[in-house]
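Here are my notes on the model, in numbered points. Please read them with the structure open.

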Amino acid sequence: MAIKIDLEKVCDRVQWSFLKATLEDMQLPNGLVSVIMRCVTLCVLSILWNEEETKKFKLTRGIRQVYPLSPCLFVVSMEQLCQLIEQQVSQGRWRPFLTSHNGPRIPSLLFADDVVLFTEALREQAQVIQNVVDQFCRASRQKISSAKLNIFFSANTEV
């Protein structure tokens with residue numbers, strides 16, 4: 001079974017506390033984490049409305065896509081999802097796609113805001129995936145775009 005999920009406005013939704021915790025989990029030096037977080041959090045914006053600038057306001061979450069560091073920070077935040085998946089695979093709860101008899105096992109593929117998750121087509125496996133995605137979304141404040149959820153089954157489905 002392959003489940004494709006599309007995360008809604010991923011860069012806009014990244015919770016700063018989640019990003020900071022992820023950078024700390026990577027054991028980056030505290031000074032580097034502080035510099036990165038200052039770059040992310042010291043953002044002040046205003047909007048042009050009828051050719052006049054509105055009052056300035058501060059953002060409270062998200063990664064601005066105009067910064068060269070933004071794609072890296074997004075990948076770092078998605079690393080937490082990969083860690084959750086790998087934890088379930090290593091504990092034997094998540095049974096990833098097996099490419100061949102002795103080939104590599106593939107539990108997921110990530111590209112930008114699209115995530116494809118692979119497992120056996122069993123109801124219990126669908127529940128494992130649901131639990132992992134829910135846990136990631138709660139921690140990161142990411143949101144799945146429901147209209148873009150696609151599930152693909154093999155010929156022998158049991159779900």
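1. Arg 95 comes first. Its relative accessibility is 26%, so Arg 95 counts as partly exposed; the class runs between buried, under 20% relative accessible area, and exposed, over 50% (1.4 Å probe, protein chains only). The side chain of Arg 95 meets that of Glu 124 in a salt bridge, 2.2 Å from N to O. A salt bridge here is a side-chain nitrogen of Lys or Arg within 4 Å of a carboxyl oxygen of Asp or Glu. Arg 95 sits in the loop between α4 (70-90) and β6 (97-98) and Glu 124 in helix α5, so the pair ties together parts that are 29 residues apart in sequence. Glu 124 is partly exposed, with a relative accessible area of 46%. Glu 120 joins in: Arg 95, Glu 120 and Glu 124 form a network of salt bridges.

2. A word on the basis. This is a predicted model, in which local features need pLDDT of at least 70 and side-chain atom pairs count only at pLDDT 80 or more, while totals for chains, interfaces and linings use all residues. Residues are numbered from 1 along each chain as its sequence is written, and side-chain values use heavy atoms, with hydrogens and water left out.

3. Now the other salt bridges. The structure holds four salt bridges. One of them joins Lys 56 and Glu 53, at 3.0 Å from N to O. Both Lys 56 and Glu 53 are exposed. Another joins Glu 24 and Lys 20, whose closest N and O atoms are 3.8 Å apart. These two are four residues apart in helix α2 (residues 16-25), so about one helical turn separates Glu 24 from Lys 20. Glu 24 is partly exposed at 39% relative accessible area, and Lys 20 is partly exposed at 38%.

4. Helix α5 deserves a look down its axis. Helix α5 covers residues 123-140, 18 residues in total. From first C-alpha to last, α5 reaches 26 Å, close to the 26 Å expected at 1.5 Å a residue; the expected span is 1.5 Å times one less than the number of residues. Which residues of α5 are buried? They are Gln 125, Val 128, Ile 129, Val 132, Val 133, Phe 136, Cys 137 and Ser 140. Seen down the axis, the buried residues of α5 fall within an arc of 160°, so they line one face of the helix. That arc is taken from the directions from the helix axis to the C-beta atoms. An α-helix has 3.6 residues a turn, so residues three or four places apart point the same way. On the other side of α5, Arg 123 and Arg 138 are exposed. Just after α5, Arg 141 takes a positive phi of about 70°.

5. Check the loop between β3 (48-49) and β4 (52-53), where Asn 50 is placed. Asn 50 is not a glycine, yet has a positive phi of about 55°. Glu 51 lies in the loop between β3 and β4 as well. Its phi is near 65°, again positive in a residue other than glycine. Asn 50 counts as exposed at 65% relative accessibility, and Glu 51 counts as exposed at 80%.

6. Phe 57 is in strand β5 (residues 57-58). At 33% relative accessibility, Phe 57 counts as partly exposed.

7. Is Ser 108 buried or exposed? Ser 108 counts as buried, at 17% relative accessibility. Ser 108 is found in strand β8 (residues 108-111). Leaving aside neighbours within four places in sequence, Ser 108 is in contact (heavy atoms within 4.5 Å) with Ile 85, Val 116, Leu 117 and Phe 118.

8. Last, the chain as a whole. Its secondary structure comes to five helices and 10 strands. Helices (H or I, at least four residues) and strands (E, at least two) are DSSP runs, numbered from the N terminus. Of the 159 residues, 35% count as buried. Among contacts in the chain with a separation of 6 or more, residues 24 or more positions apart account for 65%. The chain exposes about 10200 Å², with carbon and sulfur atoms supplying 55% of it. Accessible areas come from the Shrake-Rupley method with a 1.4 Å probe; for residues, only the protein chains shown count as cover.
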